[in-house]
Amino acid sequence: MSFGLKTTTMFLPVDAYGSVTIYTASTEFIQAWDRLKQKCSLKYLPYASLANMLRWHFGHFIRFSPFGKELNGGKVFIVSESNLDLDTLAMMFDSWELEVCKYMHEPVLGQLIRNGAFRQHRVRIEDHIVVKTNSCPTADDWVWDAAKWSVARQFISSQLAVDNNVKLELVMDSEARLLTWDNCLKSEFSDMPARAMHVITPRLITVPGFDLPAMHFESSISRLASIWKDSNLSPIKTAWIEIGSDKPVLHTAIDIEKGTWKKRWRDISIQLLNKNGLEFIREPEEYDLSQGGNVRARYQSAPIKFPIGKGVGNPFHHYVSNHMKQTFPNGEALILRKSVNRLPKRAKLAEVQKSESQLRDIVSSTGKSTLELICVYSSYIVRKRLLQAFKSIVNADDSAQFDEKDNVWMSYGPYKIKFISPLHCERLLLQLNDEDTIIDWTEAELSVEHYQHKNDSIKSMIIETCEDQTLRDGAKSPQLDPKPILKKLLALRGVNSQFVRASTLDKVDDNGVCHGAVRAIHDVFRVAGSMLIPFEPLNGSPKKTWYLGVFTQKSKSRRNSRSSAEFHIGLTACLAGEHETYMYSYDKKWAPYHESVVSQWSKPLRYKTPEEVELFITSGIRAWRDEHPEDAFVILLDGITTRRFWSGLQDTKLGTSKLPVNPDDPDIAIVRYRTQNDIIPRPAGKLECDNSSSELLVKPGMRFGIFHAEKSGSERVYYCTQPSTTASKDFARNITRFASKPVQLKDDRHAQTLTELVILANNICPDNELALSASKLCFQSLSWLGDQKTIQPSPIHLASGAIEDYVEVY
């Protein structure tokens, strides 16, 4: 039997999901609900607040489904873990309705409930899961929520045993997350007390190749605030409130009250609890966070130097998996078996050694002869670190001349670098300023005339700036962050720009390497399309092969109304075995990667509808295929961001429905990838066969390679992983944070992750060769040193990177 990995994903007996009570609403109630939306001038009524209050009051799962399906002559409206007292329910509807529409004198919904608007049905969750042959299951929306509550209750029925003889009493919150509430981590090495909780999130998921749903447990660490005051980059956005030992811990959002700038509860469920006399919850800042009491606030993103590090580490996932097996002895854990025993070693950026002639060939693949880089700095440490990094990356020998003076071009091969420290750069780059001042200074000091070869070079710039200048809680001010303005102004002149902070360059490793500076230089090379490592060749393909990476991102417009959605698109083409990289720009033209990226930065063009996005991507793929009619194409698609456009990318219709190209076309392969830890299996230890018996031994370790899911109904689903130096170092301890020394709490605890690859079509080469090449594309680090993988295939990484840079501008 081949070695493998256990995971924190398990297929449970369907009766483990339990039963729920469904309340169907009468036509009169549905009509009154719709009228309420119109009276309140709201697109959606804030019924999540009412559900939150009901969950706390009744102490179990309650979900509203105002757009639910028909059931026994009524429309599904409320799904509850247990039966509800309708008089209490009507009273809470009354208070919620008055709070939502304050001008109303007589609430309507509560009275309709008293008059019998709801009909009650007790159903088993398993009866509402539709199992399909050779396909993932489907279910009503409420099923995915209801199932995890039943499983979570069983999971916390016994203590979670970890190392050092620690037994964790888990507490459930109002979203069915499991918290180590009474076992917080505490740091003793900071001025203010610092705490963190482990959070286990159960989720019902589908796994390609299986016709039953699986319960997946994802663990994370939540670092808690000790004071209510926001730090520069770490606003407090949510909090947990423990009101009663027999109730779920209430998880709620926090907002800022205009005028006073004090914290307030954003969820109106708090106001409803107070008004109904069910509980009295004071204003947020009246609670002392330093003592770890019954109110605990969470940072949106913890401060950079927080005394407790990120991540739970691999050993904690191991103990969660063990507890999962003990809780559900009849469940079947998802096991991954090796498909490829050992992957060929990939070149690391730190080990790349290129001759001057090879470097010229790499740059010429972009369509230009040189790459000219100007570094704008205020602090001397920035100049020193960037110059050292540049020299090491281009492998400059002793014959290369590097001057310590500013405004002097220094070169090696096709790469040129110059440092400038313009007048007033500290005031303009390290502080907020008004837009006109930033524009005038940029036009005067960062002119394109600084470049030697304006028409035959890739023009790049690294600019020293300070921490991200976010205005506190939306306060209006004429002072602006200079970075977006600089990036757009420079893009209009054909210059790609990256930013660096002095605080990220003050540390070097034991070998004297400043990783922050090295990554900054590599980011410039990435945007320039100057790839030091060629893209993975595709063995078994007799033709020249292109990898087409597709990535999209949906976001809210910052300047338009909150409901104005927009889509950003990245579509790249990378030549297998070579360095060439192209991108489809918003002008609907294929061009070298650096030209397309700068073109996108220079103008705000967004796509408003899925149809526009679908047309843009399919037309781009068609144009590239028409331009290279004799070549083969591997289309790599992000499985989360692109499934809204093509139903054939969804688990329930995988490869059997609409795709961006015809899967039967010759010289075409389609690969869907997913990397999100909350929806794909999480490694939790290695399986080994004991020579003295046929039983498997489970150990908290890591394995590397390409895996298949055991007992999967599909041979075209792969999971790939790759060593990470950081993860290996973490795991050498073989202990969780609960067994660590206090001084070790500050260390990050990385854990092993997987990239899921599903081959939807392949008319080019054997599937194992395609899976191997697609996996190895994840190992092509574009801006990282060492063994770290990108988790995304490099063509997708380039596409998503272009979107991130674009969103940074607009």
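**Close-up views of ring pairs and salt bridges**

View 1. D651 is buried, at a relative accessible area of 9% (buried means under 20% relative accessible area, exposed over 50% and partly exposed in between, with a 1.4 Å probe and protein chains only). This is a predicted model, in which local features need pLDDT of at least 70 and side-chain atom pairs count only at pLDDT 80 or more, while totals for chains, interfaces and linings use all residues. Residues are numbered from 1 along each chain as its sequence is written, and side-chain values use heavy atoms, with hydrogens and water left out. R674 is buried as well, with a relative accessible area of 4%. The two side chains meet in a salt bridge of 3.3 Å, N to O (a side-chain nitrogen of Lys or Arg within 4 Å of a carboxyl oxygen of Asp or Glu). D651 lies in the loop between β30 (632–638) and β31 (668–674) and R674 in strand β31, so the bridge ties together parts 23 residues apart in sequence (helices, H or I of at least four residues, and strands, E of at least two, are DSSP runs numbered from the N terminus). Through shared partners, salt bridges join D651, R672, R674 and E756 into one network.

**View 2. Salt bridge between E81 and R153.** The closest N and O atoms of this pair are 2.9 Å apart. E81 sits in the loop between β5 and α3 (86–100) and R153 in helix α5 (residues 141–155), so parts 72 residues apart in sequence are tied together. E81 is buried at 13% relative accessible area, whereas R153 is partly exposed at 31%.

**View 3. Aromatic pair of F29 and F77.** The whole structure holds 29 aromatic pairs (rings of Phe, Tyr and Trp, the last by its six-membered ring, with centres within 6.5 Å; planes under 30 degrees apart count as stacked, over 60 as edge-to-face and the rest as tilted). With ring centres 5.0 Å apart and planes at 80°, F29 and F77 are edge-to-face. F29 belongs to helix α1 (residues 27–39) and F77 to strand β5 (residues 74–80), 48 residues apart. Both F29 and F77 are buried. Ring pairs link F29 and F77 into a cluster that includes Y23, W33 and Y47.

**View 4. Arginines over rings.** R296 lies over the face of W181, 3.8 Å from the ring centre (NZ of Lys or CZ of Arg within 6 Å of the ring centre and within 35 degrees of the ring normal). The charged end of R282 sits over the ring of Y287, at 4.2 Å from its centre.
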